[in-house]
Amino acid sequence: MASSTVKEGFVCKSPPDDKSSVKSWRNRWLVLRIEAGRPLLEYYEDRDRKRLKGAIPLECVRQLLKVTNYSRYPYVFAIATTKRKFLISAPSERELDTWIESLRLTLKVSVFEENASDGIVKPLSAPSAPEAPLPAGWEKRDDPSGRPYFVNHATKMTQFEDPRLQQPAPGSFPPVQQPGYSPASTPTAGYAPAPTPTAGYAPAPIPTAGYAPR
């Protein structure tokens, strides 16, 4: 029957309910796979998968937990089923996160964080949402020190403030053009404004009441 492997790798698995000493933990080759649309999590004696040692019933999973402050191993996650709790130690933090994410996506469950020192369980922070796109004409870059800055290609200006966080100031909205309105055209070649009066220049006086020019 067709089967697809989601993830596999060496881990260290606890005995039932973690009641035995650390010496009872066993190195196992853990395999997460899909068979006929059903997720399976099996552990073998070695990577050749010749000796199956057991399986974790994923259809009975109650919680998927990332365990912190565990005294025996630093990178531990737990799968709590209706019958028992499986503690599994990954070889690195990266492997720990990859196992948790693979199980989360496969089982479509939420992940919780359990503090082994006090037993407190809380929801694990969700991954950050993708950034919203920049406004048209903007580009994000990094300076030589690694600090991000933003380029406005329309104005050819740069700034450190994210333009997505900028809000228009009150009253700064662009004017609405009225129907039939045509703004004055920009002066073209050959246009010359009236000369500015120079020192000593005095314009003719404005006629007043009763004044008659000659």
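User: Is K108 buried or exposed, and what is its relative accessible area?

Analyst: The model is a predicted one, and in it K108 is exposed because its relative accessible area, 71%, lies over the 50% cut-off. K108 is found in the loop that leads between α1 and β8.

User: What is there to read in the phi of K108?

Analyst: The general idea is that most residues other than glycine have a negative phi. K108, although not a glycine, has a positive phi of about 55°. R49 is another non-glycine residue with a positive phi, in its case of about 60°, and R49 is placed in the loop between β3 and β4. With a relative accessibility of 29%, R49 counts as partly exposed. A positive phi near 55° is also taken by A36, in the hairpin of β2 and β3, where two residues stand between the strands.

User: What is the overall secondary structure of the protein, and in which pattern does it follow along the sequence?

Analyst: The protein comes to one helix and twelve strands, and reading along the sequence gives β-β-β-β-β-β-β-α-β-β-β-β-β. As for totals, 28% of the 214 residues count as buried, and the protein exposes about 15,500 Å², of which carbon and sulfur atoms supply 54%. Among contacts between residues at least 6 apart in sequence, 42% join residues at least 24 apart.

User: How should I read the order of strands in the sheet of nine?

Analyst: In general, strands of a sheet pair through backbone hydrogen bonds, either parallel or antiparallel. Here, an open sheet of nine strands with mixed pairing is ordered β4-β3-β2-β1-β7-β6-β5-β8-β9. Because β4 (52-56) and β9 (121-123) stand at the edges with a single partner strand each, one side of each is left without a neighbour in the sheet. From one strand to the next, the twist averages 35°.

User: Which strands does helix α1 touch where it packs on the sheet?

Analyst: Helix α1, residues 93-107, packs on the sheet and touches β1 (3-13), β2 (26-35), β3, β5 (61-68), β6 (76-81) and β8 (111-115). The direction of α1 makes about 140° with that of β1.

User: What joins β3 to its partners, and which residues stand opposite one another?

Analyst: On one side, seven bridges join β2 to β3, and these two strands run antiparallel; R33 stands opposite L40 of β3 in this pairing. On the other, β3 (residues 38-44) is joined to β4 by four bridges, again with an antiparallel run. There, Y44 has L52 of β4 as its bridge partner, while Y43 stands opposite G54 in β4. Strand β3 is also mostly covered, with five of its seven residues buried.

User: What is the order of the sheet of three strands?

Analyst: This open sheet is ordered β10-β11-β12, with antiparallel pairing. Its edge strands, β10 (138-142) and β12 (157-159), pair on one side only, and the twist averages 30° from one strand to the next. Three bridges pair β11 (residues 148-152) with β12 in the antiparallel sense, and Q159 in β12 is the bridge partner of F150.

User: Which residues touch the most other members of the largest nonpolar core?

Analyst: As a general idea, nonpolar side chains in soluble globular proteins tend to be buried together. The largest core here has 19 residues, of which L30, L41, I56, F77, I79 and L103 touch the most other members. The elements giving two or more residues to this core are β2, β3, β6, β7 (85-89) and α1, and α1 gives the most, with five. A second, separate core has ten residues, including Y73, V76, A78 and A80. As for I56, beyond neighbours within four places in sequence, I56 is in contact with L41, Y43, I79, T81, F86 and I88.

User: Where is E114, and what does its side chain contact?

Analyst: E114 belongs to strand β8. Its relative accessible area is 13%, so E114 counts as buried, the cut-off being under 20%. The side chain of E114 makes a polar contact with the side chain of K85, at 2.7 Å. Not counting residues up to four places away in sequence, E114 touches L65, K66, V67, T68, K85, I120 and V121.

Definitions and conventions:
Residues are numbered from 1 along each chain as its sequence is written. This is a predicted model: local features need pLDDT of at least 70, side-chain atom pairs count only at pLDDT 80 or more; totals for chains, interfaces and linings use all residues. Side-chain values use heavy atoms; hydrogens and water are left out. Two strands pair if DSSP finds at least two bridges between them. Axes are lines fitted to C-alpha atoms, for helices over the stretch in contact, and angles run from 0 to 180 degrees between N-to-C directions. Contact means heavy atoms within 4.5 Å. Buried means under 20% relative accessible area, exposed over 50%, partly exposed in between (1.4 Å probe, protein chains only). A polar contact is a pair of N or O atoms within 3.5 Å; within protein, one must be able to donate a hydrogen and the other to accept it, and residues adjacent in sequence count only if both atoms are side-chain atoms. Accessible areas come from the Shrake-Rupley method with a 1.4 Å probe; for residues, only the protein chains shown count as cover. A nonpolar core is a set of buried Ala, Val, Leu, Ile, Met, Phe, Trp, Tyr and Cys residues joined through side-chain atoms within 4.5 Å.
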